[in-house]
Amino acid sequence: MDATVLARLFKVYEEIDNQTAALRAITELRCPPGCGTCCSSTRVEATVLEMLPVARDFLRRREALALLERSRAADDEGPCVFYQPERSARGEGCCGVYVLRPSVCRLFGYGAVKDKYGAAQLAVCTVMNEVIPRAAQDAAYAVRRGLAAPGFTGFARQVAGLDPALGGKPLPINRALRIALEREGLALQFEKGGKGES
Ligand code: SF4
Ligand code: SF4
């Protein structure tokens, strides 16, 4: 994988984070402390491209094999292997790879989708709707009235544009991780083989 593609992927993440921060600054949308309900969903999807930085990080730390085994044992339709609810009790959030998490995870609770007329609609999270209903409704109304919110589709297109083969198809997150780990592990083996290492 060309390093510039991953550098550009992090630029996309930076833009998502900036737009999310701007929305938070203007609205009262907030995740309740310790909440990780979206991570416990069995429907989180990510692209292989977005799991490559995670795979590389675990390879660098020599923890990739254990993670590969975990991802192979995990159900493709099960919760993300990085979801660790016990971390939140220690004030560390629920995500084991927070800094490297894929775009969809950055958009949970703050992202917008287009309705059938092409207008942006905030995809309000059900937890926020229950815990801070007024803030959720006000923010949804403001987005309907034109307040900028980061768009799921636009950012998915940006990721796909970086590498259509690896970034264009969302897969169950555990499967995307597994493919990324196998791919990076193979690449490393080839690299070592080329250098005459075993
Ligand atoms: S990568 Fe992190 S934020 Fe995304 S679903 Fe998994 S635990 Fe949640
Ligand atoms: S986006 Fe919603 S479900 Fe996810 S952590 Fe925030 S409040 Fe909880």
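**Rings, ligand and loop**

Reply: Start with Phe10 and Tyr13, which are three residues apart in helix α1 (residues 3-26) and therefore separated by about one helical turn; helices are DSSP runs (H or I, at least four residues) numbered from the N terminus. This is a predicted model, where local features need pLDDT of at least 70, side-chain atom pairs count only at pLDDT 80 or more, and totals for chains, interfaces and linings use all residues. Residues are numbered from 1 along each chain as its sequence is written, chains are lettered from A and ligands numbered from 1 in the order in which they are written, and side-chain values use heavy atoms, with hydrogens and water left out.

Me: How many aromatic pairs are there?
Reply: Two. Rings of Phe, Tyr and Trp (its six-membered ring) pair if their centres lie within 6.5 Å; planes under 30 degrees apart are stacked, over 60 edge-to-face, the rest tilted. Phe10 and Tyr13 are edge-to-face, at 5.7 Å centre to centre with 80° between the planes.

Me: Is Tyr13 buried or exposed?
Reply: Tyr13 is buried, at 1% relative accessible area, while Phe10 is partly exposed at 33%. Buried means under 20%, exposed over 50%, and partly exposed in between (1.4 Å probe, protein chains only).

Me: And why is the pair of Phe58 and Phe82 tilted?
Reply: Because the planes of Phe58 and Phe82 are at 40°, with the ring centres 5.9 Å apart. The pair links distant parts of the chain, 24 residues apart: Phe58 is in helix α2 (residues 48-60), and Phe82 is in the loop between α3 (64-73) and α4 (85-89). Phe58 and Phe82 are buried.

Me: Which arginine lies over the face of Tyr13?
Reply: Arg106, at 4.2 Å from the ring centre. The charged end of Arg101 sits over Tyr98, 3.8 Å from the ring centre. The test is NZ of Lys or CZ of Arg within 6 Å of the ring centre and within 35 degrees of the ring normal.

Me: New topic. Which residues surround ligand 1?
Reply: Cys39, Val44, Cys80, Phe82, Tyr83, Cys95, Pro102, Cys105 and Ile173, each with a heavy atom within 4 Å of the ligand.

Me: Where is Arg62?
Reply: In the loop between α2 and α3. Arg62 is exposed, with 77% relative accessible area, and has a positive phi of about 60° although it is not a glycine.

Notes
Helix = DSSP H or I, 4+ residues; strand = E, 2+ residues; numbered from the N terminus.
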